[in-house]
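Have a look at the picture first, then read on.

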Amino acid sequence: MNARDRVLARDKQVGAATVRGEDQRFLTGSARFTDDVRLERMVHAAVQRSPHANAKILGIDTTAARETPGVLSVFTASDFGGPLPLIPIRLAPMPGLERFLQHPIAADRVRYVGEPVALVVAESRYIAEDALDRIVVDYEPLDPVTSIDQAMLGKALVHEAVGSNIGSHYHVSRGDPAGGFAKAEYTRKERFRCHRHTAAPMETRGMVAEYDGAVLRVWGATKVPFFNRRLLAKMLELSESSIDLIETDIGGGFGVRGEFYPEDFLVPWAAMQVRRPVKWIEDRREHLMATNHARETECELEIGMKRDGTIVGLRAIVMADLGAYARTGGGVALARAPQFLPGPYRIADYGCEVYALFSNKTPVGTYRGPGRYEANFFRERLLDMAAADLGLDPIALREKNLVSAAEIPYDIGKLVPWEGSNQYDGGDFHSAFRQALAAIGYASLPKDGAAIDGRLHGVGVACFTESSGAGPSESARIVARPDGGYEIYSGVTTMGQGHETVFAQIAADELDLPLSAFQVFHGSTAYVDEGWGTFHSRAIVVGGSAVKMAAESMREKQIALAARRSGLAAADLRLSAGAVLRKDDASTVLEISSLAQAAKDGDAEARDATHIKARFDIKMRTYSYGSHVAHVAVDPETAQVQVLSYVALEDVGRVINPLLAAGQAVGGAVQGIGAAFLDELIYDDSGQLITGSFADYLMPTSTDAPPVIPIMLEEAPSASNPLGAKGAGEGGIVAAGAAVANAVANALSPLGVKITALPLSLDKLAASIRAARRESR
Amino acid sequence: MTLVDFLRETLGLTGTHIGCEHGVCGACTVLLDGESVRACLMFAVQADGANLTTVEGLAPPGEMNDLQRAFQAFHALQCGFCTPGILTTATALLRENPNPTEDQVRRAISGNICRCTGYQPIVRAILDCARSRATATGEGRAK
C-alpha cells in the first residue's frame with residue numbers, strides 16, 4: 001500500500017476531530033504543573049544574577065546572606081570544589097562553538113545580564129529572595145558587545161581567550177552561485193534584520209530536586225529528559241540509573257523550555273548538598289533574562305533573475321547574535337536559516353556565508369521554527385522587492401519559480417555542514433499556494449495601497465518549506481491491564497500539544513478500542529528505556545509511529561496467541577474491543593483482560609502479548625510545506641496596522657486530529673504575527689535588557705490577535721513513517737513574519753516605504769513612513 | 001503574603017497560577033466577591049471577609065460546568081496554564097453581560113495572555129457558552 005492509499009483507508013479515530021481527554025484536569029485546576037509539586041521538608045532556591053553585561057568578579061561576600069534566619073546555604077562557584085563542569089552542545093555541533101560553552105555558575109567573569117552568580121537555599125522563597133539582597137558582589141564592569149556589527153568588529157571581546165567574537169564561520173552552497181549570477185539580467189541586494197525575541201511560555205522554568213542518598217529525582221523535566229539525564233549524571237558523577245527526570249504538566253515550551261540550563265545542574269546539586277528537596281521556580285523577570293532568547297539574525301541577501309522573473313541565483317551572508325555563550329541548541333537556528341533561505345523555489349545555484357557571533361546578551365536557543373521564521377522573512381521580502389522592480393505580479397513571480405510537483409523529490413543539497421544532503425520528499429507547492437490564495441479571496445481583496453476610510457490596504461504572501469521528524473528513534477510501550485484498561489508510555493514529552501489524545505487515537509484504531517480505554521504516560525525517564533523527546537515537530541512523526549508499531553505488534557501477538565491456544569487459524573481471527581474474536585461468527589476466543597491477569601500471575605506467554613515495547617527508527621527527514629496570506633489595513637498617520645484576515649495553510653501529510661492540528665496552526669500564526677509587531681528583547685548600549693517585564697515585553701492579546709483561517713492539507717503523505725505524518729507544530733509560525741511584512745509593505749507601496757527589518761512596531765514603522773515621506777518631498 | 005501565594009501555599013489550591021507576578025498576564029485571576037482580580041497584586045489579608053472563587057470552585061469536584069465544557073469542545077486550551085485565569089475572567093464577564101458580542105469578549109479577556117491558542121477558540125467557546133445559556137433560559141434570540 002502506498003502512502004496515499006494509507007490515508008484513504010481511513011479508520012475511525014485517526015482523522016477524527018476528537019476533543020482532548022486531558023482537558024478536564026486543566027479546566028478544573030487539578031493539573032500538576034512544576035510549581036504544584038510539593039514535597040515534605042522542601043526548601044526553596046533563588047538565583048543571584050549578574051546585573052552587568054560584561055564584568056570581572058573581584059569578590060563575592062555571602063556572609064550576611066548566610067546569617068539570614070531561615071537560610072540553609074549560599075553557594076557560589078568557589079563552593080563546588082574542583083573545576084566547574086561545562087554545559088555541552090546537544091545538537092547542531094557547529095565547529096568552533098565548543099570554545100564558548102557556559103559553566104553553570106560564574107566564577108570570575110560575567111558575560112550577560114542574568115548570568116547566575118550565586119544560589120541561595122532557604123526555608124521559604126520569601127527568605128531566599130530577601131537573602132539575595134544581602135549578597136555583595138564586587139564587579140569591575142568592562143565594555144560590552146551589544147550588536148552584530150560590534151561583534152564582527154571585535155574591538156571588545158566576549159571571550160578574550162578565544163580571541164574573536166566569531167564563533168564559527170563557514171560557507172555552504174549548491175550548484176554554481178557565481179555561474180548563476182553570470183546569467184542574471186537583474187540583481188538586487190538588500191540587508192535584512194530579524195529582531196531578538198523569545199517564546200515566553202506562560203509557565204516559567206522550574207524544578208524540584210530530591211536526593212535520598214541513592215536516587216536523585218527531578219520534577220519539571222520537559223523537551224529532552226533522557227538527554228538531560230545523561231548530562232546530569234555525567235556532571236554529578238552519578239549513574240544514569242540513579243536519576244529519574246520526571247515530567248509534570250508543562251505550561252508551554254515552544255523550544256525554549258526543557259533544554260539543559262545552568263539551573264538544571266545547580267538545583268539538583270544543591271539538593272544533594274542540603275539533603276532536602278529543593279524547589280526553584282523562575283520568576284518572569286528572570287525568565288526574560290535567563291531563558292534562551294532567539295531569532296536575532298541579519299542577512300545580506302542578493303538575488304539574480306532573468307527579466308521575466310526566473311531566478312538564476314541566490315547568495316547570502318547570514319550573521320546571528322548567539323549571545324554570550326553557546327547553549328545546548330548550539331547553532332540550530334543559525335544553521336537552519338541558510339538551509340531554508342532558498343525555500344520552496346527552484347534555485348539551482350545558491351551560496352551562503354555563515355557567521356556565528358557572540359555578544360554580551362542572553363544566550364540564544366531554539367524557538368518554534370528556528371531559522372525558518374527569519375529566512376522566510378528575508379527571502380519573501382526580497383521576492384516582493386524584485387517583483388516591484390521588474391513590474392511583475394508577486395503571485396506570478398512565485399508560481400514561475402516554485403518547485404513543481406514533477407520535480408519532487410527535489411534535492412536541496414548539503415546546506416548544513418554536519419549533515420548529509422536532503423530532499424523535499426513530496427508535495428505540490430503550487431496546489432498549496434493556489435488554495436491559500438483562494439481561501440482568503442485574494443483576487444477580490446483591496447491591495448497595493450488601496451485607500452478605504454483613510455487606511456491603506458495591502459496583501460502579502462509567503463511560501464515555505466519546513467523540516468520535521470528528527471531522528472534517530474522513539475520508543476513506545478503499551479500494557480494491557482486486567483481491568484480492561486491500556487497504558488501507553490512514550491519517550492516524547494508534551495507541553496500542551498495534546499499528545500495524550502493523539503497517541504490514544506493512533507492506538508485505538510490498531511486495537512479497535514474506544515479512546516477511554518487508554519491512559520497515556522509520557523516524558524519521564526522511568527517510562528521507557530530510551531526516549532528522544534519533543535522538538536523539531538517530531539512527537540507525532542516519530543513518537544506516534546512508535547505507538548502505532550507497538551499497538552500493531554500487540555494486536556498481532558494477541559491474535560497469534562489466540563490462534564495457538566484455540567487451534568484456529570490466525571487469519572480467521574480479529575481483535576476488537578478487548579477480545580480476540582472469530583471473524584465468521586464474532587464469538588470470543590480470548591479475553592484480553594483475562595490474558596492480562598494471566599500475565600500478572602506469571603504466564604510468560606501472556607505477558608509477551610500484553611506488555612509490548614516498540615522502537616521506531618526514522619531514516620529521513622520529512623518536509624511539510626505551505627503558504628501564508630495576510631490582508632492588512634495600515635493607518636499611514638499613526639502606523640497602526642490591523643491584520644484583517646490571515647490564511648495559514650500547510651500540508652502536514654496526514655492529519656491525526658483536525659481540531660488539534662488547527663489549534664497548532666492558529667496558535668503558531670498568532671505567535672508569529674504578534675512577534676512581527678510586538679515581541680522584542682531590547683538592549684541598551686550598556687547591555688542592559690530594557691524589556692525585562694511583561695509591561696515592556698509585549699505579546700499579542702485577544703484584541704491584537706487577528707482572525708486566522710487554518711488549513712491543513714493531506715495531499716502528500718510522508719513516506720518516512722507509517723502514519724504518513726509530517727510535522728504540524730511549526731508551519732503556523734514560520735511564514736508569519738514574512739507574510740505580514742509583505743502585506744504592510746504592499747499597503748504602504750504608494751508611499752514608497754521600505755521594509756527590511758522586523759519588528760514593525762509602532763515607533764519603527766512610523767519612522768519608516770516619515771523617512772519615506774521626507775524622501776519623496 | 002500575596003493572595004495568590006496564600007491560595008497556593010497555605011490552602012493548597014494550585015489551580016490558580018503565577019505567570020508574571022506583576023499583574024500583566026492574568027494567570028492568577030480569581031473572583032473576589034464576583035469581580036475578577038489579580039491575586040498576585042493583593043495581599044491575602046486584603047481579602048479578609050470576602051467571598052473568593054477560584055477555578056476549583058467553578059463546578060463541583062470532578063465535574064465541569066458549561067463554560068469549562070465549551071472550552072473543551074472548542075479546543076480553547078493547549079498547555080492549560082492560562083486557562084484558570086481565563087475561565088474566572090469569562091465567568092465574571094458572562095455574569096455582568098450574559099449576551100456579549102465577540103468584540104466585548106475579546107476586550108474582557110484582553111488582560112489574560114495565552115501563548116498557545118491565538119485566542120480564537122477561547123472567544124468562540126465563551127460566545128457559544130453565552131448562546132447556550134441564553135437558549136436554555138429562553139431569553140436568547142434564535143440565531
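A residue counts as buried if 20 or more other C-beta atoms lie within 10 Å of its own, as exposed if 12 or fewer do, and as partly exposed in between, with C-beta atoms placed from the backbone. By that rule, strand 13 (residues 297-305) of chain A is mostly covered, with seven of its nine residues buried. Helices (H or I, at least four residues) and strands (E, at least two) are DSSP runs, numbered from the N terminus.

This is a predicted model, where local features need pLDDT of at least 70 and side-chain atom pairs count only at pLDDT 80 or more, while totals for chains, interfaces and linings use all residues. Residues are numbered from 1 along each chain as its sequence is written, and chains are lettered from A and ligands numbered from 1 in the order in which they are written.

- On one side, strand 13 of chain A pairs with strand 8 of chain A in the antiparallel sense over nine bridges, and A:Leu301 is the bridge partner of A:Glu190.
- Strand 13 of chain A is also joined by nine bridges to strand 14 (residues 311-321) of chain A, again antiparallel, with A:Ile311 as the bridge partner of A:Met305.
- The hairpin of strand 13 and strand 14 of chain A has five residues between the strands, and A:Gly309 takes a positive phi near 95° there.
- Strand 7 of chain A runs antiparallel to strand 15 (residues 350-357) of chain A over eight bridges, and A:Tyr350 is the partner of A:Arg174.

**Helices in chain A**

- Helix 7 (residues 225-236) and helix 8 (residues 262-274) of chain A pack at about 55°, with their axes 11 Å apart.
- That makes helix 7 of chain A oblique to helix 8 of chain A (under 35 degrees is roughly parallel, over 145 roughly antiparallel, 65 to 115 roughly perpendicular, and the rest oblique).
- Among the contact residues are A:Leu232 of helix 7 and A:Trp269 of helix 8 of chain A; residues are in contact if their C-beta atoms, placed from the backbone, lie within 7 Å.
- Elsewhere, A:Ala438 is found in helix 13 (residues 429-440) of chain A, and it counts as partly exposed because it has 14 C-beta neighbours inside 10 Å.
- A:Ala438 and A:Val647 are 209 residues apart in sequence, yet 9.7 Å apart in space, C-alpha to C-alpha.

**Where chain A meets chain B**

- 44 residues of chain A are in contact with 43 residues of chain B.
- Helix 18 (658-677) of chain A is one of the elements giving two or more residues to this side of chain A, and it gives the most, with eight residues.

- Three strands form an open antiparallel sheet in the order 2-1-3, with strand 2 (35-38) and strand 3 (52-53) of chain B as the edge strands.
- Four bridges join strand 1 (residues 29-32) of chain B to strand 2 of chain B, and B:Glu35 is the bridge partner of B:Leu32.
- Helix 3 (residues 83-96) of chain B lies across strand 1, strand 2 and strand 3 of chain B, at about 35° to strand 1.

How values were computed: Pairing = 2+ DSSP bridges. Axes fitted to C-alpha atoms, helices over the stretch in contact; angles between N-to-C directions. Contact = placed C-beta atoms within 7 Å.
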